[in-house]
Amino acid sequence: MTSDDLLRLQNVSVRLGGRDILKDVSFGIRPGQFTGLIGPNGAGKTTLLKVILGLQPVTSGAVLLDGEPRPARDASIGYVPQKLGLEPDVPLRVRDVVSLGLDGHKFGIRLPSRARRELVSDMLTAVGAQRYADARVGELSGGEQQRVMIAHALISRPRLLLLDEPLANLDISSEQGIVSVLARLARAEQVAVLLSAHDMNPLMPVMDRIVYVAAGRVAVGDTDEVVQPEVLSRLYGQHVDVIRVHGRILVVAAPEGVDEDHAVAEDAGVMR
Amino acid sequence: MHYLFEPGFFASGPVHVALAVGTVIAITSAVVGVFTVIRGQSFAGHSLADIATTGGSGAFLIGVNQFWGYLAFGAGAAAFMEMIGIQRRRGRDVATGVVLGAALGLAALFLYLGTQYSSTTGASFSILFGSIFVLTPSTVPALIVSALLALATVVALARVLLLTSLSPDIAAARGVPVRAVGAAYLMALAVSVALSAVIIGAVLSTALLIGPAATALRLAKSPLKAMITAAGLGVAAIWLGIVLAYDSFYWPPAGRGWPVSFFVVTLIVGGYLITYLRRDPRRVGAEQAGPEQSIDAERACSPV
């Protein structure tokens with residue numbers, strides 16, 4: 001299994017300020033695979049993505065790319081952050097942002113060229129953002145910005161695309177739009193996708209695998225294997241229920257400090 | 001033409017020097033300023049200007065050309081700000097109230113003592129509000145070289161600065177030394193502030209830095225066009241300011257020209273206000289994107 005992994009995390013632990021953010025995390029991602037990084041807020045999803053990007057040093061463990069330790073600078077990983085720090089009046093047009101995906105990390109100046117312009121236009125068409133190619137990126141809605149940043153990340157042709165909560169704060173139709181664009185491009189370009197989300201439901205149709213994060217630990221596998229009350233209760237360290245309603249999955253935790261036995265006892269007390 | 005250019009304007013040596021140096025400095029300040037506004041570091045620029053005032057006054061007190069005072073204190077303050085990260089929002093209140101207040105207090109002391117010893121009456125005025133007509137010829141090459149170095153630094157870093165302001169995390173993941181780039185930029189900013197201080201004074205130097213850039217950012221559609229527009233606006237303000245200041249020699253009170261910095265700053269502010277007569281460029285951009293075509297507009301039709 002390990003030999004054909006594009007990315008492999010081996011026993012990664014991260015300790016920050018005396019707190020364990022990630023504990024002994026191991027999993028692999030194969031080329032072209034769509035993986036959901038699912039878990040509640042504060043579970044360690046963003047830290048995990050930053051470890052893979054090389055932005056967060058690990059306390060122990062290793063991040064391997066094609067079986068080798070991850071190099072300091074690597075163009076084979078694209079990244080879409082959760083938020084952009086741009087004010088609306090910054091005159092960065094959508095096409096400038098996508099163009100920065102090619103060479104924004106380089107020093108010196110570059111002259112415009114027709115080949116580059118066409119490459120940018122093609123990328124914008126691929127993500128369905130060509131209509132606002134000349135708008136300022138700070139003025140776009142959250143869903144529009146996500147599409148632009150996906151184009152920005154994909155134009156350098158990475159083999160792995162990381163997205164940090166791209167569906168947060170989107171309405172349902174934008175959510176579906178982003179998910180279908182990602183699924184289509186992942187298949188067409190053979191890009192592996194690792195996408196973090198606190199709600200797994202919008203990803204159910206496209207997710208090949210799930211990495212469920214809770215309390216700094218992960219459970220990895222097919223959705224049906226992982227999203228089980230026993231597996232998630234062990235992960236959370238407290239009792240959780242998995243409820244399926246109309247094809248949607250809800251993971252519901254019991255109130256803190258209350259496990260099954262106590263809950264029963266309290267109910268009994270009420271009966272008395 | 002005769003009414004605009006008073007007799008002798010084109011024959012005056014100080015005017016030639018002022019126009020040449022003013023042009024180079026206006027271009028540098030405007031281009032550096034575009035990134036100051038994009039990076040949200042106008043506050044850092046203003047802090048550097050206040051501290052440069054202390055440097056200029058100190059230099060005057062010990063008899064050194066004030067440009068070196070502006071530069072030394074500005075660069076020192078930039079290094080300090082980079083170390084403690086004060087140019088970001090956090091810590092601004094303390095910096096404004098305590099550090100910058102102390103810097104200007106020291107400037108007041110230095111200027112008072114300096115005028116007591118040297119009895120140079122115009123010195124306080126030229127440090128605070130500039131002195132483009134009385135540039136010391138020996139500093140002119142230093143001014144031009146510093147300006148070109150700051151400009152070259154920012155042009156070389158342009159793409160990296162844009163990527164960093166888009167997302168520092170993306171930049172870092174792609175191998176950009178984000179911290180070092182920020183420090184290099186802050187140094188270029190300190191140099192620009194020192195240069196602007198020479199022309200329009202330490203107190204007003206941020207006007208030349210931020211004003212043309214802020215106006216250009218309202219008008220231009222791309223970063224490159226914003227840099228070119230800002231440079232054009234900066235040069236226009238300096239040239240017109242110099243012409244009007246020269247002309248004002250014949251205005252009341254006769255025989256005493258009005259300060260260049262007054263004209264330059266007034267022109268910059270005027271230019272900025274005029275952009276508000278246009279339609280808001282943000283709205284124009286949004287309309288181009290087409291709200292009815294935008295994906296999120298479907299939100300309105302969505303039942304949830």
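Helix axes here are lines fitted to C-alpha atoms over the stretch in contact, and angles run from 0 to 180 degrees between N-to-C directions. You're looking at a predicted model, where local features need pLDDT of at least 70, side-chain atom pairs count only at pLDDT 80 or more, and totals for chains, interfaces and linings use all residues. Residues are numbered from 1 along each chain as its sequence is written, and chains are lettered from A and ligands numbered from 1 in the order in which they are written.

**Stop one: chain B**

Select residues 42-61 and 66-84 of chain B: these are helices α2 and α3 (helices are DSSP runs of H or I, at least four residues, numbered from the N terminus). They pack at about 140°, with their axes 7 Å apart. That makes α2(B) and α3(B) oblique to each other, because angles over 145 degrees count as roughly antiparallel, under 35 as roughly parallel, 65 to 115 as roughly perpendicular, and the rest as oblique.

Now show the side chains. On α2(B), the contact includes B:Leu48, B:Ile51 and B:Phe60; on α3(B), including B:Trp68, B:Phe73 and B:Met81 (contact: C-beta atoms, placed from the backbone, within 7 Å). The tally is 13 nonpolar, eight polar and no charged residues (Ala, Val, Leu, Ile, Met, Phe, Trp, Tyr, Cys and Pro count as nonpolar, Asp, Glu, Lys and Arg as charged, the others, Gly among them, as polar).

**Stop two: chain A**

Colour 1-76 + 158-238 as domain 1 and 83-153 as domain 2; the bounds come from an automatic or database domain assignment. Their C-alpha centres lie 25 Å apart. Where they touch, 11 residues of domain 1 meet nine of domain 2. Next, pick helix α5 of chain A, residues 172-189: its six residues are the largest share of domain 1's side.

How values were computed: Two residues are in contact if their C-beta atoms, placed from the backbone, lie within 7 Å. Helices (H or I, at least four residues) and strands (E, at least two) are DSSP runs, numbered from the N terminus.
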